[in-house]
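Please look over the sequence and the structure shown here.

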Amino acid sequence: MPLRVFCKGVLYYYYMDAKKTILLVEDEDTMLFALTGALEQAGFSVLTATDGAQGLALALEKHPDLILTDLKMPKMGGLEMIHELRQDDWGKHVEIVILTNISDVNALDAAMKEGTFFYMNKSDSSMADVIDTVRSRLGSGHRDPA
Amino acid sequence: METVTSFIARSPLIPLLALIAICAVAAWVVLFVRNAPVRQNQRAEKLVRELAAVTEILGRAEKLGHFGSFTWNFVEKGSSYWSEEMYVIFGLVPRRQPPDISIFVEVAAPESKGTVQEALAKAQAQPGPFSFTMRAIAPDKSVRYVRVEGVTVLRGKTVWHIDGFVRDITREMEIDRAKSEFVTLASHQLKTPLSSIRWLVEGLASGAAGALTPTQQKYLDGIQRSTQHMIAMINELLNVSRIELDKIATRIEEIDVTALAKDVIAEQQHDADAKAITLTLKSATDLPRIFADKNALRMIFQNLVSNAIKYTPQGGSVTCELSETGAKNQSVFFSVTDTGIGIPADEQDRVFEKLHRARNAQALVADGTGLGLYIVKTIIEKAGGGISFESKEGRGTTFSVTIPMRWRESGGTFQLM
């Protein structure tokens, strides 16, 4: 019994210490570059996709800890990608943060209905804000580990 | 010579000539009097012809210029008149009804009815010029924007009549709308590269690309400030164009006004401290919670407080006050009093004008869009409240806002930035 608890503790410690993976879905090259650099510097491991379709495929394959996505993108937009993700058993619970310049409340409402609880306005957020948000969402324990 | 004169004097011709002359004069008088109606008729006909010509010219001018004229007599209703173009503008051609002031309300679109009724009641109550803009819906469902301008005339102490004209400003409104849409699109497009610049500069400044010399750091600070400034300006442009397009969404929620005001003041404390300005909030203790758009209300507080700090010299004071006001306590009253540079008397009526900045404000703070107060006024009036100010140049200014306890909803889809 104590051994199992001990093993669990070690595993938990190891899990907590592991680099969290962030999937960044953004079609603008420069923005992708700026965000990737900052997130890596903040200690995250970063996966990138430049449209919703690519983002969806990568998310389902690699199961990142958090997805940071734009809304307006070619091929597949952010909303559609989120909708598709929520159909998946794993994707149902993954933490998603929207980072966009869109301030259309209808689009944001739609995202909320898909179970995305956090939205940031690009031009109003400093890089520190973005990283703080990512950290707090990762630590928020909203995800269901099932 | 003598014989000639005496002959004339004695001649019977003289009385005869005199008689003929008298008869002629009498005949002329009789004829003149008898012909008077005919001449009057001729004159009247001439006047009628002239009047018809003038009316026709006016009619053509009205058609070309898309305006119609009217007069409404409150006492002798029969002498009220509407020009043909009035009926055309309101889509009531062929004339369906005699001129009546109530037609303005009848044709007004639902959201304009209130404005029209209010304006007409005011026009009837006080003499002088009045004007309002309305959206009119014709019986055939076509929509026009109409500007009404008029003047109320007294006879003695009675409100006698209203003279005025209406102008079809649909085309102007469309052009204005296209302009606002262009501004929205352009500013929105600018935001993406600006966000990139901001983040890249932040990355550089944080040392992500290697250590920086103090001079490099200073350059970057400058870029960072300018970028922030540009983002703030673009946000203001977006707000203005969206307000004008009626695209701002209001989200009504229950708000603790005092907490919100405290929050805003805490945010601005740093700027006040930097100029050794005493920033205080006096608040009534038991203010009720109100139903308002938090984002918009925050923006109103922020604008007024930051303006006060910006235009108050070192060591001055900015005092904010919150209290309940209005009959049956229907609104909350917020005021900001500063010991700043004040607004010059001759510029006071332009304070809320879009893009206007007072001379002394420009001299003190070079950058500023002149959009802040315009945005504040538009938001608060849309919500059903109001804003006013009192100012003395060189002494200070007090801005006062009446915040309704229940805001009017508006149906847009965009958040204020």
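Buried means under 20% relative accessible area, exposed over 50%, and partly exposed in between, with a 1.4 Å probe and protein chains only. Helices (H or I, at least four residues) and strands (E, at least two) are DSSP runs, numbered from the N terminus. This is a predicted model, in which local features need pLDDT of at least 70 and side-chain atom pairs count only at pLDDT 80 or more, while totals for chains, interfaces and linings use all residues. Residues are numbered from 1 along each chain as its sequence is written, chains are lettered from A and ligands numbered from 1 in the order in which they are written, and side-chain values use heavy atoms, with hydrogens and water left out.

**Strand 4 of chain A**

- In strand 4 (residues 95-100) of chain A, 6 of 6 residues are buried.
- A:Glu95, A:Val97 and A:Leu99 point one way from this strand, and A:Ile96, A:Ile98 and A:Thr100 point the other way.
- Strand 3 (residues 66-69) of chain A runs parallel to strand 4 of chain A, and 4 bridges join them; A:Thr69 has A:Ile98 as its bridge partner.
- Two strands pair if DSSP finds at least two bridges between them.

**The antiparallel sheet of chain B**

- An open sheet of 5 strands in chain B has the order 2-1-5-4-3, with antiparallel pairing.
- Its edge strands are strand 2 (81-82) and strand 3 (128-137) of chain B, each pairing on one side only.
- Strand 3 of chain B is joined to strand 4 (residues 143-155) of chain B by 10 bridges, and B:Pro129 has B:Val151 as its bridge partner in strand 4 of chain B.
- Helix 5 (residues 110-125) of chain B packs on this sheet and touches strand 3, strand 4 and strand 5 (158-168) of chain B; contact means heavy atoms within 4.5 Å.
- Helix 6 (residues 170-205) of chain B also packs on the sheet, touching strand 4 and strand 5 of chain B.

**The mixed sheet of chain B**

- Another open sheet of 5 strands in chain B has the order 7-9-10-12-11, with mixed pairing.
- Strand 7 (278-283) and strand 11 (386-392) of chain B are at the edges with a single partner strand each, so one side of each is left without a neighbour in the sheet.
- Strand 10 (residues 331-338) and strand 12 (residues 396-404) of chain B pair in the antiparallel sense over 7 bridges, and B:Ser331 has B:Pro404 as its bridge partner.

**Helix 9 of chain B**

- Helix 9 (residues 294-310) of chain B has 17 residues and reaches 24 Å from its first C-alpha to its last, close to the 24 Å expected at 1.5 Å a residue; the expected span is 1.5 Å times one less than the number of residues.
- Its buried residues include B:Leu297, B:Ile300, B:Phe301 and B:Leu304.
- Helix 9 of chain B lies across strand 7, strand 9, strand 10, strand 11 and strand 12 of chain B, at about 20 degrees to strand 10 of chain B; axes are lines fitted to C-alpha atoms, for helices over the stretch in contact, and angles run from 0 to 180 degrees between N-to-C directions.
- The axes of helix 8 (residues 257-274) and helix 9 of chain B come within 10 Å and cross at roughly 35 degrees.
- Among the residues that meet between these two helices are B:Leu260 and B:Val264 in helix 8 of chain B, and B:Leu297 and B:Phe301 in helix 9 of chain B.
- The axes of helix 9 and helix 11 (residues 372-383) of chain B come within 10 Å and cross at roughly 145 degrees.
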